[in-house]
Amino acid sequence: MRAIVIGAGMFGASTALQLARRGVQVTIFDFAHQGKATMAGAGIVCPWATQVEEPEWYEMYAAGARFYDTLIGDLTAAGEVDLGYRKVGALVTSQDAGDMQAAGERIARRTANAPEAGDVRLLSAREAQEKFPILRDNLEAWLIPGGARVDARLLSAAMIRQAIAHGAVFHNDYVTLVAKGDGYVVRDGTGTLHEADEIIVAGGAWASQILSPIGVAHPVKPQKGQIVHLRLAGVQTKEWPVLLPMTSHYMLAFDDSRVVVGATRENDMGFDYRVTATGQASVLEAGMAIAPGLANAEIIETRIGFRPAGPSIKPIFGRVPGAQGLSVANGLGAGGISIGPFAGKLMADVVTGATTEVPVAPYAPTL
Ligand code: FAD
């Protein structure tokens, strides 16, 4: 079987890897648009604390986190060691006692059958600050040991490298779809046409630009995120847990004295690539309110990413009805670093006709 995957973000990279591993001849086209979500994503993998109660979405979110152990194990065994992945744990906190109690109950319910989350326990303010030294000194926190963070840039690059190791071919190119017979072919930047048995559009926030010219309506739109990277020079941050203060903001740290504070969620902005005063200020303000020790950190960069946001929070993937050999893999929204690798595996199952680990009908694209 020959497959073409358009887009090599979290969703496309995983789909390509899973297909290539099964012996499918895979060709990947990725334009790497500025604002590619996978290049800007924070990298938190910790589904158990979310306040979102949509069951089908949560099933994917939780399964996505579970799948990380397999994925990281496989990639490491294949020689991929630099993934920025670490189970640093997550601290869920609030200054509101009622919110803390509700969070404890929610996390207990969600982790009851999720041993991968580890033994959740309540930390005193002092214990929490020991784990996250720039945290305010009066915040208790729920510790979820299984919470992790990953550098999605490194992980997606590793998945593509491994797809190539299994015979996939990668092109950095902008492509379009052209109708041919009952199906479609892919036209690359030079005008050359590429045929395949299966074409998977994993174009993130740009997917409708690929699909609407062939008459396929696709409801995913860009949701702009501004996320700030700071350096705490000389501070050893690699073991710091992810910090989830139960607002739309959060904080995490990487090995190179880097602390990341996210993020804005801006709808109806189109592809607005600007770092704005309001955006950056709101993120920094939220960060310093919970972690005053950030005040003297150096701002390294503010990344802009466009989350592929569908009309509901659920991802959208599967065969496009009535379109021979055409599938979409999209709509990962704000949880795509967690969900993307697992969803890519399911997408590969759909395309190859394999049995899926969870029912995929709820995520199928409609016309
Ligand atoms: P993308 O990564 O956007 O990739 C799509 C690719 O398709 C792009 O490279 C694009 O250039 C390519 N493409 C499009 N059209 C064409 C074309 N015509 N030809 C060739 N290539 C094309 N998720 C989490 O789980 N945890 C987090 O902590 C987290 N934090 C986030 C923070 C921010 C600020 C943002 C923006 C997102 C965050 N996310 C997080 C969400 C996650 O990053 C996304 O859901 C995920 O990366 C989406 O992956 P994707 O592959 O669908 O899209």
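Biologist: Which feature does UniProt place at residues 3–349?
Modeller: The unreviewed UniProt entry puts "domain: FAD dependent oxidoreductase" there. UniProt positions follow the numbering used here, feature names are shortened, and annotations may be inferred rather than shown by experiment. This is a predicted model, where local features need pLDDT of at least 70 and side-chain atom pairs count only at pLDDT 80 or more, while totals for chains, interfaces and linings use all residues. Residues are numbered from 1 along each chain as its sequence is written, and side-chain values use heavy atoms, with hydrogens and water left out.

Biologist: How much helix and strand is there over residues 3–349?
Modeller: The chain is 31% helix and 25% strand over that stretch, and its end C-alpha atoms are 13 Å apart. Helices (H or I, at least four residues) and strands (E, at least two) are DSSP runs, numbered from the N terminus.

Biologist: OK, Trp57 next. Is it buried or exposed?
Modeller: Trp57 has 5% relative accessibility, so it counts as buried. Buried means under 20% relative accessible area, exposed means over 50%, and partly exposed is in between (1.4 Å probe, protein chains only). Trp57 belongs to helix H3, residues 55–77.

Biologist: What is Trp57 in contact with?
Modeller: Skipping neighbours within four places in sequence, Trp57 is in contact with Thr50, Val52, Ile313, Lys314, Pro315, Ile339 and Tyr363. Contact means heavy atoms within 4.5 Å. Tyr363 is 306 residues from Trp57 in sequence, yet their C-alpha atoms are 9.1 Å apart in space.

Biologist: And Ser208, where is that found?
Modeller: In helix H7, residues 207–211. Ser208 counts as partly exposed because its relative accessibility is 23%. Not counting residues up to four places away in sequence, Ser208 touches Pro213, His218 and Val220. Pro219 is eleven residues from Ser208 along the chain, with 7.4 Å between their C-alpha atoms.

Biologist: Switching to the backbone: which peptide bond is cis?
Modeller: The one from Gly262 to Ala263 is cis, with omega near -25°. Ala263 sits in the loop between strand E16 (258–262) and helix H8 (277–290).

Biologist: What about phi at Met246?
Modeller: Met246 has a positive phi of about 60° although it is not a glycine. Met246 lies in the loop between strands E14 (242–244) and E15 (250–254), and it counts as buried because its relative accessibility is 17%.

Biologist: And Ser257, where does that lie?
Modeller: In the loop between E15 and E16. Ser257 isn't a glycine, but it has a positive phi of about 55°. With 13% relative accessibility, Ser257 counts as buried.
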